[in-house]
Each structure stands twice: as C-alpha cells, then as structure tokens.
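Subject: Handover of a structure and notes on its features

Dear colleague,

I am passing the structure below to you for your own work. Please read the notes after it with the coordinates open.

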Amino acid sequence: AGNNTGKIWNNIIYSKGATFRCSYGIRFLSECYLSLYNNTIYNTYYGLWGWWGEMYAYNNIVQNCNDGWYSHDTSTPFDKGMNNISDTPNDAPGANSQNGVYVKFHDAANFDFHLASDDVVARDRGADLSSDATVNSSTDIDSQARGNGFGWDIGADEAPARIFRSVGPSKTTALGGGWTGVSLTISGTMATFSADLTTNIGVG
C-alpha cells in the first residue's frame, strides 16, 4: 500500500548461517516512509533494501552483508540521514557516515553485538537524537542511557563509559588516600567523604 510510514529503532538484526539473495535485514516497498534509528544489522545478504520511498536513516550499523544499502531503482530512498556505518566502500548514506570500516563488537562469533569497550568506529560517533521529534528515545536496546561517554554511539547498543585511573588500574575498590579520621562510603556511582579532604587529593 502507498503512503505507509514506519519507525524502527534500537534493533539488532542478524543471520546465524549462510545468507541468500532473499535474506534481508530491513526491506521496504511502495512509497514507504521509514525512520530508521540506531539499528545494528549483521550477516544478511542485503542489509537494507529499498524501493520507491524515503528512508530517514540515522546512527545505523551494517556489517558483513553482501550488499549493505541497496536501492532497487533511481528514487534513492536512502538519501536522508547521517552518521551511518558500512564495511562496504561508498555504501552508507548521509553526512558524517563511515564506509569501508569495521565495528568491533563484544563477541560477534557468538552473536553478541554489543559494542566492545575499545571500539573506535561507532562509540561516541553518532548523532544526538535526544531532541528528535520522530523517535523520542534516549536509551539503547538494553534501556541504558545514551551519551554516557562523550556522545551517542552508533548502532543499537550504547557501550559502557570507560573509566581510567592513574594508580592501581586493576583495582575495583577504593584506594587508600592517606587521610586520617575521614571515612569513605561508596554507593553505586556516588562516593561520600565524612569530612573535607586536603587540597592535594588527586595530585601526583
């Protein structure tokens, strides 16, 4: 039917086995107007297949597909959007998109397509859609807040923020601070000291 609209966001779509020409990540036909935000598509023959319509594509990852972004005719349904990724050259549409690059997932071999904490392609490289009127969502596929690092991540998953410490990087508990008569309480992400500390804390 004509003039259909749809919204698809925060999905991980993949095939476990061999792919054939009838394997699609997302396919749309006949004057479909689709908003496609923060999806991850892996190992389908066509990542996205479009014919006669418009796709507003933001922050999507397409990897390991025979043809990542395929337009069936000259109507160019993928001409709107930005910050998309494909491992195929000259493929993903829109401003600030990256082509011919490979995203590092947590464990793609076992179908875990959460972003690896040391990925440098998708992490913090997405468009901030928190004020977008079409898909009003600021969380990822796991309901975790977007933008917990330096920016939105591309794809369905928002990777955890990495925390670096200059002393004792392997430690997960509080390090001794050399203070006297001051107690420390840690609850979640909040550290509370029972009294003011000296002015040289954190120096050196």
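The model is predicted: local features need pLDDT of at least 70, side-chain atom pairs count only at pLDDT 80 or more, and totals for chains, interfaces and linings use all residues. Residues are numbered from 1 along each chain as its sequence is written, and side-chain values use heavy atoms, with hydrogens and water left out.

**Sheets**

Strands here are DSSP runs of E with at least two residues, and helices are runs of H or I with at least four, numbered from the N terminus. Two strands count as paired if DSSP finds at least two bridges between them.

Strand E7 (residues 53-58) runs parallel to E10 and is joined to E10 by 3 bridges. Within this pairing, Ala-57 has Gly-81 in E10 as its bridge partner.

A further open sheet has 5 strands, ordered E2-E5-E8-E11-E12, and its pairing is parallel. Here E2 and E12 are the edge strands, each pairing on one side only. Strand E11 (residues 85-86) pairs with E12 in the parallel sense over 2 bridges, and Ser-86 stands opposite Asn-99 in E12.

**Backbone positions with positive phi**

For accessibility, buried means under 20% relative accessible area, exposed over 50%, and partly exposed in between (1.4 Å probe, protein chains only).

Asn-10 is not a glycine, yet has a positive phi of about 60°. Asn-10 is located in the loop between E1 and strand E2 (12-14) and is buried, with a relative accessible area of 11%. Ser-143, also not a glycine, has a positive phi of about 65°. Ser-143 belongs to the loop between strand E14 (112-115) and strand E15 (184-187); with a relative accessible area of 60%, Ser-143 is exposed.

**Aromatic rings**

A pair of aromatic rings is described by the distance of the centres and the angle of the planes. Rings of Phe, Tyr and Trp (its six-membered ring) pair if their centres lie within 6.5 Å; planes under 30 degrees apart count as stacked, over 60 as edge-to-face and the rest as tilted.

By this rule there are 11 aromatic pairs. The ring centres of Tyr-24 and Trp-49 are 6.0 Å apart and the planes stand at 75°, so this pair is edge-to-face. The pair links distant parts of the chain, 25 residues apart: Tyr-24 is in strand E3 (residues 24-28) and Trp-49 in strand E6. Tyr-24 is partly exposed at 27% relative accessibility, whereas Trp-49 is buried at 6%.

Tyr-45 and Tyr-46 have ring centres 4.9 Å apart and planes at 70°, so they too are edge-to-face. Tyr-45 is buried at a relative accessible area of 15%, and Tyr-46 is buried at 6%. One aromatic cluster is formed by Tyr-14, Tyr-42, Phe-105, Phe-111 and Phe-113.

**Surface patch**

Leu-29, Trp-51 and Trp-52 make a nonpolar surface patch of about 320 Å². Patches are made of residues with over 30% relative accessible area and no salt bridge, with like charges joined within 9 Å and nonpolar side chains (Val, Leu, Ile, Met, Phe, Trp, Tyr) within 5 Å. Areas come from the Shrake-Rupley method with a 1.4 Å probe; for residues, only the protein chains shown count as cover. Trp-52 lies in the loop between strand E6 (46-50) and E7 and is partly exposed, at 48% relative accessible area.

**Salt bridges**

The structure contains 2 salt bridges, each defined as a side-chain nitrogen of Lys or Arg within 4 Å of a carboxyl oxygen of Asp or Glu.

Asp-118 pairs with Lys-104, their closest N and O atoms being 2.8 Å apart. Asp-118 is in the loop between E14 and E15 and Lys-104 in the loop between strand E12 (98-99) and strand E13 (105-107), so the pair ties together parts 14 residues apart in sequence. Asp-118 is partly exposed at 35% relative accessible area, and Lys-104 is partly exposed at 42%.

Arg-146 and Glu-158 form a salt bridge at 3.2 Å, N to O. Arg-146 and Glu-158 are both buried.

Kind regards
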